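Dear colleague,

Please find below the structure for your review.

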Amino acid sequence: MLSLSISTERLLLRLFTPDDLDDLYAYQGLPEVARYLYRPPLTREQCAQSLTRRAASTAWTDDGDDLVVAVCPVGEAKVIGEVVLKLTSTRARQVEIGWIFNPAYGGRGYATEAARATAAFAFAELGVHRLFARLDVLNTGSVRVCERLGMRREAHLVENELDNERWGSEYVYATLAREWKADRTY
């Protein structure tokens, strides 16, 4: 079982609780958020089910295990977004990182700050070898987050996802543990 509480200058990253339902639904239920996730917006009931699953799944041992953390401004109980780490290969220590934020809090650097702290945790505490992100090429905000984190673009997958009538293309960004450490040596 993993426990998690990471603080940055402006943010607290912690596990989700049932009390986070209203905040989670405030962004997970938005069409502009779901657009880049290749799924419809979540209903309030789906958000409640998601919270139940997130609270129960803090194991980090098998391929497919994930850790989803709530992102809160320091001193506030409000959840403004989330960062997820998904263990894609236990043997090769490959982990996918992703983030979803309430657009009402966009443009303030919260996604970059939270993703950087979560990536640092993944490399230092979880022993990750390679951290990667998959994102819709139209999601320019997430492209900027990957680039601010120093991740390199490894792939451009063309029309590899179908969302209703729209074919989506993806970028894959990644960084290795040794690159992460080298990039942070002062």
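A residue is called buried under 20% relative accessible area, exposed over 50% and partly exposed in between, with a 1.4 Å probe and protein chains only. Tyr171 therefore counts as buried, at 14% relative accessibility, and Tyr173 is buried as well, with a relative accessible area of 1%.

The model is predicted, so local features need pLDDT of at least 70 and side-chain atom pairs count only at pLDDT 80 or more, whereas totals for chains, interfaces and linings use all residues. Residues are numbered from 1 along each chain as its sequence is written, and side-chain values use heavy atoms, with hydrogens and water left out.

Rings of Phe, Tyr and Trp (its six-membered ring) pair if their centres lie within 6.5 Å; planes under 30 degrees apart are stacked, over 60 edge-to-face, and the rest tilted. The count comes to two aromatic pairs. The ring centres of Phe123 and Trp180 are 5.4 Å apart with planes at 35°, so this pair is tilted. Both Phe123 and Trp180 are buried. The rings of Tyr171 and Tyr173 have centres 6.2 Å apart and planes at 90°, so they form an edge-to-face pair.

A charge sits over a ring if NZ of Lys or CZ of Arg is within 6 Å of the ring centre and within 35 degrees of the ring normal. Arg153 has its charged end over the ring of Tyr171, 3.7 Å from the centre, and Arg54 lies over the face of Phe16, at 4.7 Å from the ring centre.

Kind regards
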